[in-house]
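Here is a short briefing on one protein chain. Look at the structure first, then read the points below it.

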Amino acid sequence: MAGTDYKAAASRYDGRMPYIRCGHSGVKLPAVSLGFWHNFGSVDDFDKAHATAKCALDNGITCFDLANNYGPEYGTAEQNLGRMMDMSLRPYCDELFITTKAGYDMWPGPYISRSEEPFSRNAETELVCRP
């Protein structure tokens, strides 16, 4: 997909969003993350979901939370994030923390060894995002 003319707000790191250090890593995560559980799946309005993700980034929310069963339909929140990355967010992937998890009733497991593959396939992105 072709990119859009979206440019993240220059004020996204102006101090309105507090960031909290994550353990000893030096990584700072925003106090609020955007959960993709509902309102980001195939049954939802993609344009509204995309606008929500861009608004979050514009306001310093740099952590997007997903799971293999988020949608609805299962996996479609990950697919829609992949579309959003292609349309406008990929230039900012070095600023984003995309968290995911596996479980619930997607498959019988084990989840640790298989959890990365469905995310990469669904989001059509690598776990390590490359601009």
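Two residues are in contact when they have heavy atoms within 4.5 Å of each other. By that rule His38 touches Asp44, Gly71 and Pro72, not counting residues up to four places away in sequence. This is a predicted model: local features need pLDDT of at least 70, side-chain atom pairs count only at pLDDT 80 or more, and totals for chains, interfaces and linings use all residues. Residues are numbered from 1 along each chain as its sequence is written, and side-chain values use heavy atoms, with hydrogens and water left out.

**Overall layout**

- The chain has 4 helices and 5 strands. These are DSSP runs numbered from the N terminus: helices are H or I with at least four residues, strands are E with at least two.
- Along the sequence, the pattern reads β-β-β-α-β-α-β-α-α.
- The chain has 131 residues, and 40% of them count as buried. Buried means under 20% relative accessible area, exposed means over 50%, and partly exposed lies in between (1.4 Å probe, protein chains only).
- Take the contacts between residues at least 6 apart in sequence: 71% of them join residues at least 24 apart.
- The accessible surface is about 7600 Å², and 55% of it belongs to carbon and sulfur atoms. Accessible areas come from the Shrake-Rupley method with a 1.4 Å probe; for residues, only the protein chains shown count as cover.

- An open sheet is formed by 3 strands in the order 3-4-5, with parallel pairing. Two strands pair if DSSP finds at least two bridges between them.
- Strand 3 and strand 5 (97–99) stand at the edges; each has a single partner strand, so one side of each is left without a neighbour in the sheet.
- Strand 3 pairs with strand 4 (residues 63–65) in the parallel sense, over 2 bridges.
- Gly35 has Asp65 in strand 4 as its bridge partner.

**The nonpolar core**

- A nonpolar core is a set of buried Ala, Val, Leu, Ile, Met, Phe, Trp, Tyr and Cys residues joined through side-chain atoms within 4.5 Å.
- The largest such core has 25 residues. Leu34, Phe36, Phe64, Met84 and Leu89 have the most contacts inside it.
- Helix 1 and helix 2 each supply at least two residues of this core. Helix 2 gives the most, with 6 residues.
- Which residues does Phe64 contact, leaving aside its neighbours within four places in sequence? Among them are Leu34, Phe36, Ala53, Leu81, Leu89 and Ile98.

**Two histidines**

- His38 is found in the loop between strand 3 (34–35) and helix 1. His38 is partly exposed, at 41% relative accessible area.
- The C-alpha atoms of His38 and Pro72 are separated by 6.8 Å, though the two residues are 34 residues apart along the chain.
- His50 is found in helix 1 (residues 46–58). Is His50 buried or exposed? His50 counts as buried because its relative accessibility is 4%.
- His50 is in contact with Met84, Met87 and Ser88, leaving aside neighbours within four places in sequence.

**Salt bridges**

- Side chains of opposite charge can pair when their charged atoms come close.
- A salt bridge is a side-chain nitrogen of Lys or Arg within 4 Å of a carboxyl oxygen of Asp or Glu. By this rule the count is 3.
- Glu95 forms a salt bridge with Arg12; their closest N and O atoms are 2.9 Å apart. This pair links distant parts of the chain, 83 residues apart. Glu95 sits in the loop between helix 2 (76–89) and strand 5, and Arg12 in the segment before strand 1 (19–21).
- Both Glu95 and Arg12 are buried.
- Asp14 and Arg16 meet in a salt bridge (3.0 Å, N to O). Asp14 is partly exposed at 44%, whereas Arg16 is exposed at 51%.
- Asp86 and Arg90 also meet in a salt bridge (2.7 Å, N to O). Asp86 is partly exposed at 26%, whereas Arg90 is buried at 18%.

**Cysteines**

- A disulfide is a pair of cysteine sulfur atoms within 2.5 Å. The whole structure has 0 disulfides.
- Cys55 is partly exposed, with a relative accessible area of 44%. Cys93 is buried, at 7%.
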